[in-house]
Amino acid sequence: MNILFFLIPKNEIAYIYENETLRQTLEKMEHRKFSCIPILTLDGKYTGTISEGDLLWGMRRMEIADIKTTETIPIMAIPRRATYKPVSVNAAMEDLLDRAINQNFVPVVDDQGSFIGIITRKAIIKYCYGELKKLSAEAEAAAEKDRA
């Protein structure tokens, strides 16, 4: 199965660039209602993902009490707890499944490391569920054939 079948392309998702501020990130996440958002370099390479928790803990550690202050904080100054590892466009479904165990989504990069989109955990689970149903139906049909 080609993983690109499950890809949500870059132009359909929210992401931020490494030179954006905490305020810009907060606004994008609020507007799109995402709990995590990819971070890209200015030339479009995937550099990481930042979560709501990262933002909250970062603001707490920096003692940021008002929204005005967030306009001066670079997003890269906020420490990230988790590393959302990307997969290549040539990755196998097993690679996606392995990553999705600990990530809300799996970032996908091309051969040059440029970010091209994400694959959600939901899409991966739906695929696995469909495969499981097929196998179950095949096993049931084989068992009925053996009984006859």
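**Close-up views of a predicted model**

View 1. Leaving aside residues up to four places away in sequence, Met62 touches Ile73, Ala77 and Ile78. Met62 belongs to the loop that runs between α2 (52-61) and β5 (87-88). Its relative accessibility is 34%, so Met62 counts as partly exposed, since that class lies between the 20% limit for buried and the 50% limit for exposed. Between Met62 and Val87 there are 33 Å from C-alpha to C-alpha, with a separation of 25 residues in sequence.

**View 2. The largest nonpolar core.** This core has 15 residues, and the members that touch the most other members are Ile3, Val87, Leu96, Val108, Ile119 and Ile124. Two or more residues each come from α3 (93-100), β6 (105-109) and α4 (121-147). Another core, of 13 residues, lies apart from this one; Ala14, Ile16, Met29 and Ile39 are among its members.

**View 3. Contacts of Ile119.** With residues up to four places away in sequence not counted, Ile119 touches Ile3, Phe6, Leu7, Leu96, Phe105, Val106, Val108 and Ile124. Of these, Ile3, Leu96, Val108 and Ile124 are, like Ile119, listed among the core residues that touch the most other members.

**View 4. Thr41 in the loop between β3 (36-40) and β4 (46-51).** Thr41 counts as buried because its relative accessibility is 15%, and buried means under 20%. The side chains of Thr41 and Asp43 are joined by a polar contact of 2.4 Å. Not counting residues up to four places away in sequence, Thr41 also touches Tyr17, Glu18 and Thr47.

How values were computed: Residues are numbered from 1 along each chain as its sequence is written. This is a predicted model: local features need pLDDT of at least 70, side-chain atom pairs count only at pLDDT 80 or more; totals for chains, interfaces and linings use all residues. Side-chain values use heavy atoms; hydrogens and water are left out. A nonpolar core is a set of buried Ala, Val, Leu, Ile, Met, Phe, Trp, Tyr and Cys residues joined through side-chain atoms within 4.5 Å. Buried means under 20% relative accessible area, exposed over 50%, partly exposed in between (1.4 Å probe, protein chains only). Helices (H or I, at least four residues) and strands (E, at least two) are DSSP runs, numbered from the N terminus. Contact means heavy atoms within 4.5 Å. A polar contact is a pair of N or O atoms within 3.5 Å; within protein, one must be able to donate a hydrogen and the other to accept it, and residues adjacent in sequence count only if both atoms are side-chain atoms.
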